[in-house]
Amino acid sequence: MFRRVAIIGGGAAAATLLGELLQRPSPHLLHLDWYTGSGAPVRGVAYGTRSARHLLDVRAATMSLFAGKARSFLDFVQRDDPGIAGTDFLPRHRYGDYLEVEVAHALQSGKAHGHDVHLIPVMVDALVPETGAVTVMHGEEAHQLDAAVLALGTLPPTPLTGVDPAALDSGRYVVDPWPLLADDRVEAAPRKVILLGMGPTAIDVVLELSSRWPLAEFIAISRHGLLPESHMNTAAAPPDSAGLIEAMQEVPDIRYWLHLLREAIDQGTQWRALIDSLRPHTASLWTDLPLEQRARFLRHARWAWERARHRMPPAVSETITALERQGRLRRRRGRPQSVQCDGDVLQLVINHAGQPHRLQADMIIQCTGADIDLRRTDHRLLSQLLTNAHIAADPLGLGVMADNQGRLLHEGRPWPHVFALGALLRGTLWEANAMPEIRQQARVVADQLLAN
Ligand SMILES: Cc1cc2nc3c(=O)[nH]c(=O)nc-3n(C[C@H](O)[C@H](O)[C@H](O)COP(=O)(O)OP(=O)(O)OC[C@H]3O[C@@H](n4cnc5c(N)ncnc54)[C@H](O)[C@@H]3O)c2cc1C
């Protein structure tokens with residue numbers, strides 16, 4: 001039993017853990033120090049958007065914050081609008097409202113049970129695990145507790161290699177699109193905007209800025225030049241994949257897995273339903289996959305998996321298709337090589353099929369998505385933990401080394417009292433950073449924290 005626990009991170013992952021710890025019967029009173037970081041707590045980037053165009057990419061019925069309360073989010077939204085269906089894709093800011101209400105409930109319930117919870121709105125600088133204790137440090141302060149949970153989300157975006165410092169200084173090269181999207185003050189609208197990336201972040205950016213800047217044209221660039229697939233309007237019933245999963249488990253080989261998936265689709269299984277049916281098994285399949293097979297997957301199949309798995313809601317897909325038809329959104333294949341500032345414009349060189357191609361833009365927005373490669377991070381707390389060998393980076397750049405209970409590895413063995421939640425666990429679980437997985441992880445970590 002860990003009585004004094006530090007939760008480090010102020011997003012949805014921390015919120016679900018807080019709920020698990022404060023709303024369950026606990027044999028002992030808890031002391032929780034909740035370090036919520038520097039931004040506004042709870043909503044994070046995902047649910048901090050105020051734009052009604054930014055939708056959840058998961059249907060309402062599957063977005064509960066808690067593993068044991070499947071209808072919690074749906075009940076919340078239906079209180080205001082009973083017409084909302086569980087299959088709807090709702091605005092992400094509604095989910096942010098829900099998170100705030102659930103966190104307030106959890107805090108109230110914790111107080112009523114006599115738990116002692118401290119909200120500490122600072123970034124933690126350092127963490128020192130020792131046998132039976134952890135010391136959490138920020139500024140001049142140091143606090144010793146029994147256990148710590150890292151719920152840090154993804155790493156802050158950094159500029160791609162090849163971007164000239166003058167381009168960064170010009171303000172025309174945007175490394176992190178979220179502050180730009182949040183600031184809707186009237187500004188000189190660019191006419192030609194290049195988006196580096198074509199995943200969910202690029203979709204969010206183009207949805208918002210195409211409306212804010214009605215005369216702007218957008219060019220999205222990615223290696224394969226393909227947008228995410230779209231969800232169907234109606235949810236398909238999951239197929240019985242038990243035989244398929246068994247066959248995959250028997251031969252953990254990516255090429256063989258792709259062959260099995262193609263075979264199932266050829267035999268008439270709906271591909272979307274098939275992909276979705278793998279989701280509850282992804283962690284165990286990934287755990288069994290040897291390292292070189294994981295590397296092969298990242299090299300050859302990741303891009304296809306991501307666009308099939310992280311699909312656009314139908315309404316979003318319709319808007320994007322309309323923008324393409326109007327010629328306001330174009331797609332190009334290529335890898336960015338360099339960005340130079342040339343007076344009032346930016347010059348981008350991309351490489352496609354071994355040839356350099358030059359493009360010009362008034363603004364370039366980096367939409368390369370979530371970075372979790374700890375092998376080259378300057379995140380202060382994670383760098384300190386790595387430098388002191390308290391934790392180890394995933395060898396393929398997928399977060400931190402951990403076991404499937406969320407315990408961080410140190411010299412190959414798990415710390416019994418240092419855990420992670422969310423994106424940092426990608427190397428361990430693969431599916432790690434969406435709510436359906438995070439709430440399960442939070443339950444597993446809470447079970448350990450509350451165990452006698
Ligand atoms: C644009 C976008 C859309 C998404 N849409 C969906 C969706 O529709 N459905 C879904 O299930 N998932 C979605 N996701 C995935 C999303 O990441 C998760 O649902 C969830 O928001 C992750 O929460 P988190 O707490 O892990 O991370 P975050 O919300 O990023 O929170 C991390 C927190 O850690 C804090 N922190 C970092 N370092 C420190 C430190 N040293 N000390 C203290 N605090 C620190 C940060 O300040 C922040 O508060 C989306 C993600 C993005 C980016």
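Modeller: Just after helix H9, Gly268 adopts a positive phi of about 110 degrees. (Helices, H or I with at least four residues, and strands, E with at least two, are DSSP runs numbered from the N terminus.) The model is a predicted one, in which local features need pLDDT of at least 70 and side-chain atom pairs count only at pLDDT 80 or more, while totals for chains, interfaces and linings use all residues. Residues are numbered from 1 along each chain as its sequence is written, and side-chain values use heavy atoms, with hydrogens and water left out.

H9 itself comprises residues 254–266, which makes 13 residues. From its first C-alpha to its last it reaches 18 Å, close to the 18 Å expected at 1.5 Å a residue; the expected span is 1.5 Å times one less than the number of residues. At the start of H9, a side-chain oxygen of Asp253 comes to within 3.0 Å of the backbone nitrogen of Arg255.

The two sides of H9 may now be considered. Its buried residues are Ile254, Trp257, Leu260, Leu261 and Ala264, where buried means under 20% relative accessible area, exposed over 50% and partly exposed in between, with a 1.4 Å probe and protein chains only.

What lies over the buried side? The cover of the buried residues of H9 includes helix H8 (242–250), helix H10 (271–278), H11 and helix H12 (291–309). Of these, H11 (residues 282–288) holds Thr282. Thr282 is buried, its relative accessible area being 9%. Apart from its neighbours within four places in sequence, Thr282 is in contact, that is, with heavy atoms within 4.5 Å, with Leu429, Trp430 and Glu431.

Finally, the wider setting may be given. The protein is divided into domain 1 (4–155 + 371–450), domain 2 (165–230 + 311–366) and domain 3 (242–309), with bounds that come from an automatic or database domain assignment.

Notes:
A polar contact is a pair of N or O atoms within 3.5 Å; within protein, one must be able to donate a hydrogen and the other to accept it, and residues adjacent in sequence count only if both atoms are side-chain atoms.
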